[in-house]
Amino acid sequence: LSILSANILLVPDNYPTIQLAVNNASNNDTILVDQGIYVENIMINDKSISVISLNGPSSTIIDGNNNSSVVNVDSENYNILIKGFTIRNGIGELLDGSSRYGGGIISHNTPLTLDSLIIENNESFAGGGICFYEMESSQTHSIVRNSMVQNNVASEGGGIFVINQSLSVINSTIEGNGMTPYGSGGGIQALVANISIVDVHIINNHSRFGGGIYIGSTQADIENSIISNNLSDSKGGGIWVGSRSQLGI
């Protein structure tokens, strides 16, 4: 019944901005976005929706204009799909009064699928490109697939930061992310998490600990992937494995 009642909302034909379409969407609706540059900071709260571009990431850009995260998702127990955009120029959500998380995208304990995205030129304290954030351990599982996460800056998890939940990264490239001369996890940082990395290139990332990947108190599995030309200023040029972690390659 929920599928039969779902609607399609068109941007900009029905709504001039993506945020306005999100505000008017109901559970299981799909928002289709035509090509263009949308200067917005989008918030998705407490609903299951799909936000999909009609023409792919090279021609459909969401620009955060250096104002908070470009996309902020807080829909615990709701499924969200974001597909086919370039996400750029975000600086993250201010949490704890002092540090910013999720320059491009921040997800608050939400089952989030990110598909066919280019996430670039964002910055924050943690998760320059993407931050999957939760204060306590949860069963939430998110997916990043068919995407490019590049040229993002953060002290912790330059490309992707995940804490207290599960994440699968599939058929993607994590390139040129990180921060010098300090920080952890230039490409990916996972803390108290369960992470699967399959068919992924993690290349040319830079940090103080774990130039490519940093894992702590985490179960990690890496399959059929390339971890190459990453740089650490201290330990773990390719991978840094912390205590109470298990890693299978």
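Patches are made of residues with over 30% relative accessible area and no salt bridge; like charges are joined within 9 Å, and nonpolar side chains (Val, Leu, Ile, Met, Phe, Trp, Tyr) within 5 Å. Accessible areas come from the Shrake-Rupley method with a 1.4 Å probe, and for residues only the protein chains shown count as cover. A salt bridge is a side-chain nitrogen of Lys or Arg within 4 Å of a carboxyl oxygen of Asp or Glu.

This is a predicted model, in which local features need pLDDT of at least 70, side-chain atom pairs count only at pLDDT 80 or more, and totals for chains, interfaces and linings use all residues. Residues are numbered from 1 along each chain as its sequence is written, and side-chain values use heavy atoms, with hydrogens and water left out.

Start at the surface. V241, L247 and I249 form a nonpolar patch there. Together they have about 290 Å² of accessible area. L247 sits in strand β32 (residues 246–248). Strands (E, at least two residues) and helices (H or I, at least four) are DSSP runs, numbered from the N terminus. L247 counts as partly exposed because its relative accessibility is 33%. The cut-offs are these: buried means under 20% relative accessible area, exposed over 50%, and partly exposed in between (1.4 Å probe, protein chains only).

Next, the aromatic rings. Rings of Phe, Tyr and Trp (its six-membered ring) pair if their centres lie within 6.5 Å; planes under 30 degrees apart count as stacked, over 60 as edge-to-face and the rest as tilted. The structure holds 4 aromatic pairs. One of them joins Y214 and W240, and this pair is stacked, at 4.4 Å centre to centre with 5° between the planes. The pair links distant parts of the chain: Y214 is in strand β27 (residues 213–216) and W240 in strand β31 (residues 239–241), 26 residues apart. Y214 is buried, because its relative accessibility is 15%. W240, at 23%, counts as partly exposed. Elsewhere, Y101, F125 and Y133 form one aromatic cluster.

Now the charged pairs. Side chains of opposite charge can pair when their charged atoms come close. A search of the whole structure finds 2 salt bridges. In one, the side chains of D63 and R88 meet at 2.9 Å, N to O. D63 lies in strand β6 (residues 60–63) and R88 in strand β9 (residues 86–88), so the pair ties together parts that are 25 residues apart in sequence. D63 is buried at 9% relative accessibility, whereas R88 is partly exposed at 22%. The side chains of D115 and R145 also meet in a salt bridge, at 3.1 Å, N to O. Here D115 lies in strand β13 (residues 112–115) and R145 in strand β17, so the pair ties together parts that are 30 residues apart in sequence. D115 is buried at 5% relative accessibility. R145 is partly exposed, with a relative accessible area of 29%.

Stay with β17, which spans residues 141–145 and holds S142. S142 counts as buried because its relative accessibility is 0%. Contact means heavy atoms within 4.5 Å. Not counting residues up to four places away in sequence, S142 touches T110, P111, L112, F132, Q165, S166, L167 and S168.

F132 leads on to strand β20, where F132 stands opposite V162. Two strands pair if DSSP finds at least two bridges between them. Strand β16 (residues 130–133) and β20 pair in the parallel sense over 3 bridges. β20 also pairs with strand β23 (residues 188–191), in the parallel sense over 4 bridges. In that pairing, F161 stands opposite Q189. Which way do the side chains of β20 point? In a regular strand the side chains alternate between the two faces of the sheet. In β20 (residues 160–163), I160 and V162 point one way and F161 and I163 the other, and all are buried.

Two further buried residues complete the tour. S50 lies in strand β5 (residues 49–53). S50 is buried, with a relative accessible area of 18%. Leaving out residues up to four places away in sequence, S50 touches D29, T30, I31 and L81. V200 lies in the loop between β24 (194–198) and β25 (201–203). V200 is buried too, with a relative accessible area of 0%. Apart from neighbours within four places in sequence, V200 is in contact with V169, I170, N171, S172, I174, N224, S225 and I226. The C-alpha atoms of V200 and S245 are separated by 21 Å, and these residues are 45 apart along the chain.
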